[in-house]
Amino acid sequence: GMRQLVWRFQVSSALKEGHVTPTELCQRCLALIKSTRFLNAYITVAEEAALKQAEESEKRYKRGQPLGVLDGIPIAVKDNFNTAGIETTCASNMLKGYISPYNATVVQKLLDQGAVLLGKTNLDEFAMGSGSTDGVFGPVRNPWSYSRQYKEKSVSKSHSEDEESNWVITGGSSGGSAAAVSSFTCFAALGSDTGGSTRNPAAHCGVVGLKPTYGLISRHGLIPLVNSMDVPGILTRCVDDAAVVLGSLAGHDPKDSTTIQDNFKPFELPSLPDVSKLSIGIPKEYHAPGLSSEILALWSKAADLFKNAGAKVIEVSLPHTRYSIVCYHVLCTAEVASNMARFDGLEYGHRSDMNKSTESMYAATRREGFNDVVRGRILSGNYFLLKQNYENYFIKAQRVRRLIANDFLKVFGGGVDILLTPTTLSDAVPYREFIKEDNRTRSAQDDILTQAANMAGLPAINVPTALSERGLPIGLQFIGRSFQEKQLLTVAKWFEKQVKFPMIQLEEVKRHNHDVFQHQKSASFS
Amino acid sequence: LAPWVPVVGLEIHAQISSNSKLFSGSQVQFAAPPNSLVSFFDASLPGTLPVLNRRCVEAAVMTGLALNCSINKKSLFDRKHYFYADLPAGYQITQQRVPIAVNGSLSYSLCIDNKMSQMVTKTVRIKQIQLEQDSGKSLHDDTRSQTLVDLNRAGVGLMEVVMEPDMCCGEEAAAAVRELQLILQTLGSSQAVMAEGQLRVDANVSVHHPGEPYGVRTEVKNINSIRFLAKAVDYEIQRQIEELENGGTILNETRAFDSKLGCTVPMRDKEGKQDYRFMPEPNLPPLILYDAKSLPANMNHQQVVNIDWIHERLPDLPSVKRAKLVEQYGILPEHSFALLNEDGLTEFFENVVKQTQMKPKKVIGWILNVLLSYLKEHSLTVKESPISSLMMADLLNLLEKKEISSTAAKQVLAELWKGEEKTPLEIVKEKKLELIQDQKELEQICQAVIDGQENEVIMMALG
């Protein structure tokens with residue numbers, strides 16, 4: 001009906017047919033960013049540069065020569081990707097004011113396709129966290145906190161509590177990007193995913209969050225957290241859009257020696273995906289302690305959906321899942337300690353005024369530049385890397401990592417095509433709840449369902465599924481085989497069509513509602 | 001007093017001769033303006049990644065093969081962490097776990113008793129060769145309490161060659177390094193000029209009594225020439241012996257060689273007991289090398305390094321060159337050493353031999369004893385010689401044809417050194433140095449002398 005029309009409405013073809021111009025689109029997004037500033041989703045808005053890009057795009061459309069589907073499409077990029085000429089802060093004092101001289105490969109690719117870069121989005125400092133609450137620019141607010149759906153459900157709560165204290169987190173660490181997409185300020189955003197940092201906020205913000213296979217998309221220019229697990233993540237409002245963005249980003253990059261050499265062919269998803277011939281695995285270990293009964297029920301319903309469509313749905317086991325958090329802790333902190341060693345105040349970034357000696361300058365710079373979370377991980381990591389500890393911690397963790405990866409190999413090798421799991425243990429918690437526990441505790445809890453896919457380098461995607469009793473998004477996760485993104489996204493698209501996740505009803509978006517802005521409400525651009 | 005056995009091992013860093021750095025595309029060049037050869041990766045800008053330079057891998061394979069090493073078909077890269085101003089990333093990328101080449105050997109020769117007449121061949125085991133990054137340079141300006149950092153050298157490729165403690169004195173260490181230098185220069189894998197920092201040597205020295213375990217060793221750094229290497233090692237051996245004989249102990253420390261004072265001094269403790277927190281370099285996959293057997297059929301040969309292909313194209317190493325010279329020209333082994341030891345001298349010698357009838361066995365004396373000592377006296381290289389091989393050949397031909405004596409030849413040479421573009425023949429004529437061959441002419445001269453010296457002749461005739 002009406003809703004389906006809206007979903008299928010394509011802003012790209014609107015641009016092509018001249019129903020809307022890139023400049024108008026850009027201006028609307030910028031205006032919406034301004035009126036949703038309270039979300040704190042953006043650290044930097046590159047207004048002038050974006051309008052210029054939109055202008056250029058417009059010229060191309062007028063000539064009838066757009067660069068592709070992404071030409072003129074407003075996008076946002078997480079602030080741990082290098083963007084030439086635009087500040088890249090990683091939400092840290094260490095890089096406040098840092099203007100990189102080069103673009104990350106993924107940023108360059110998007111710009112080369114004509115995408116319009118609106119700005120850099122907020123995150124946990126150096127991508128360490130699962131709430132997007134621990135950056136120096138403050139926490140990101142989940143747009144759903146201000147949705148009619150959430151407000152309606154919180155009417156029963158005490159009236160004396162106002163909106164201010166009730167707002168919920170976005171999840172993290174790519175919370176800014178998830179919020180930006182969720183609140184319609186852009187059509188796609190880049191995040192990063194090391195332990196779930198794209199999928200987690202995607203689930204909480206009701207958007208699609210794709211973690212590609214490790215080695216498929218270049219990490220050149222992504223400021224690393226854990227080099228052996230990081231991937232650029234893609235956040236969009238529908239699965240088709242994610243496929244388009246993936247197509248423009250994937251492929252070997254000579255600047256990143258960990259990208260695969262094979263030629264990547266961008267693919268289009270079938271308009272009528274068919275899952276009847278597939279085998280869907282339900283890993284029993286993902287019924288983790290703390291999983292809300294709501295999500296458990298939803299997970300079960302989803303499995304039934306597949307069954308009813310003719311797919312084979314079987315329970316499988318990934319026995320080493322419960323070790324993944326501890327294993328991750330060792331490997332992650334070790335790499336963090338190493339990666340952060342370059343921040344010494346000498347070549348770039350914050351430099352302390354302390355100048356009694358080089359060593360004292362280093363120490364003061366790093367104390368001033370890094371927050372507690374970062375410093376804590378550096379200390380842990382250095383401990384694990386000490387000669388006397390290396391074998392017992394680092395090497396052991398690597399062995400456990402191999403076991404975790406082998407769990408998946410066994411299951412996929414046994415005929416399972418896709419795994420279906422929850423993405424998060426619950427819907428988004430209110431900020432004041434979230435901060436009661438420290439970052440480390442939260443990360444350990446929240447990463448449990450997403451972390452193992454990073455250990456194994458596998459592709460995984462969050463698909464928004466339904467609203468919780470509190471009116472907040474719940475997403476489910478699909479995990480696929482290495483480099484089988486096409487199959488993964490096909491299944492995700494089928495599922496998306498089945499569940500028909502509701503559109504967020506945001507006052508700010510409605511306010512900007514007129515003919516031109518009609519396009520804003522369209523979920524997709526492709 | 002019981003005898004002492006000195007034990008010397010060496011860690012040698014050779015800068016790879018390549019256009020660009022080990023993991024980035026910035027240029028490698030000596031003495032460029034500060035910080036003009038620094039890529040984003042070299043400066044450790046966040047988000048940059050290493051990309052391995054193929055030429056550096058080939059250089060290391062060549063060197064490994066020339067040193068009789070096993071080339072590891074799979075080697076790994078690691079991070080070695082420490083904080084220092086000239087190390088922008090806070091870690092160096094090196095090969096600690098599995099280096100590219102292991103278990104080789106290097107043969108070198110020494111003169112016994114300082115005579116060039118007796119040479120003995122020795123061997124030192126090569127423990128391993130590893131690829132690693134060079135650091136930048138820091139200059140301490142104490143007057144202004146500041147440190148100036150130049151990152152031009154940061155990231156340049158190095159081959160670290162580790163020689164086992166098979167040497168026993170400065171002379172051996174110097175000879176081994178000299179031979180390594182010649183090998184590297186022959187291969188072209190490093191220009192190995194110590195003065196330009198392309199070859200850096202650290203010596204590990206200890207002493208012990210025969211039959212007892214090895215003593216505590218010290219590391220000696222800041223050695224800037226092969227001559228100083230011999231001096232530094234011998235000084236350190238002596239120092240340790242004296243220390244121990246006086247009842248003292250040797251500290252496991254790093255010492256710097258002071259070339260002015262000719263001694264080693266403890267270095268400012270810049271690292272202490274460092275734990276380098278080695279960790280695999282996650283941004284570089286294992287380095288896989290192939291040989292003819294293991295090379296897959298469909299592999300793009302631009303993308304791989306083939307050990308056998310490199311082996312087939314190795315040039316003649318110095319030891320082979322020397323053997324060929326001895327065989328071809330009938331010269332002595334010590335002559336061949338002297339020829340290879342001086343840049344361009346072999347070529348000069350061979351050019352003279354080509355253009356003269358004099359036997360090479362005789363030519364060599366003129367080259368080594370006359371030409372070379374003249375060049376040394378005036379601190380000239382062969383390239384800078386005012387006498388060309390052609391001129392030398394002409395001169396030796398005159399000598400060979402007995403048109404001049406060898407004394408006269410030396411006089412002609414003295415003239416030729418002036419570089420006045422006169423040919424030997426012209427000088428001979430000018431100075432009337434021709435040997436008189438005519439019997440009658442000789443008799444006339446003798447008679448004239450006798451006539452002029454009647455009394456002396458009578459005295460001689462009387463006995």
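I began with helix α1 (residues 54-66) of chain B, which lies across β2, β6 (101-111), β7 (119-133) and β10 (157-167) of chain B and runs at about 155° to β7(B). Angles here run from 0 to 180 degrees between N-to-C directions, with axes fitted to C-alpha atoms, and helices (H or I, at least four residues) and strands (E, at least two) are DSSP runs, numbered from the N terminus.

I noted that this is a predicted model, in which local features need pLDDT of at least 70 and side-chain atom pairs count only at pLDDT 80 or more. Residues are numbered from 1 along each chain, and chains are lettered from A.

Next I looked up the sheet of chain B, which is open and has 9 strands in the order β2-β6-β7-β10-β1-β11-β12-β13-β14, with mixed pairing; two strands pair if DSSP finds at least two bridges between them. β2 (70-71) and β14 (263-266) of chain B stand at the edges, each with a single partner strand, so one side of each has no neighbour in the sheet. Strands β1 (residues 5-15) and β11 (residues 199-208) of chain B run antiparallel and are joined by 10 bridges, and B:Leu10 stands opposite B:Ala203 in β11(B).

Then I turned to the cysteines: how many disulfides are there over all chains? The count is 0, a disulfide being a pair of cysteine sulfur atoms within 2.5 Å. The sulfur of B:Cys168 is 3.8 Å from the closest cysteine sulfur, in B:Cys169, which is too far for a bond. B:Cys168 is partly exposed at 32% relative accessible area, where buried means under 20%, exposed over 50% and partly exposed in between (1.4 Å probe, protein chains only).

Note on methods:
Heavy atoms only, no water. Contact = heavy atoms within 4.5 Å.
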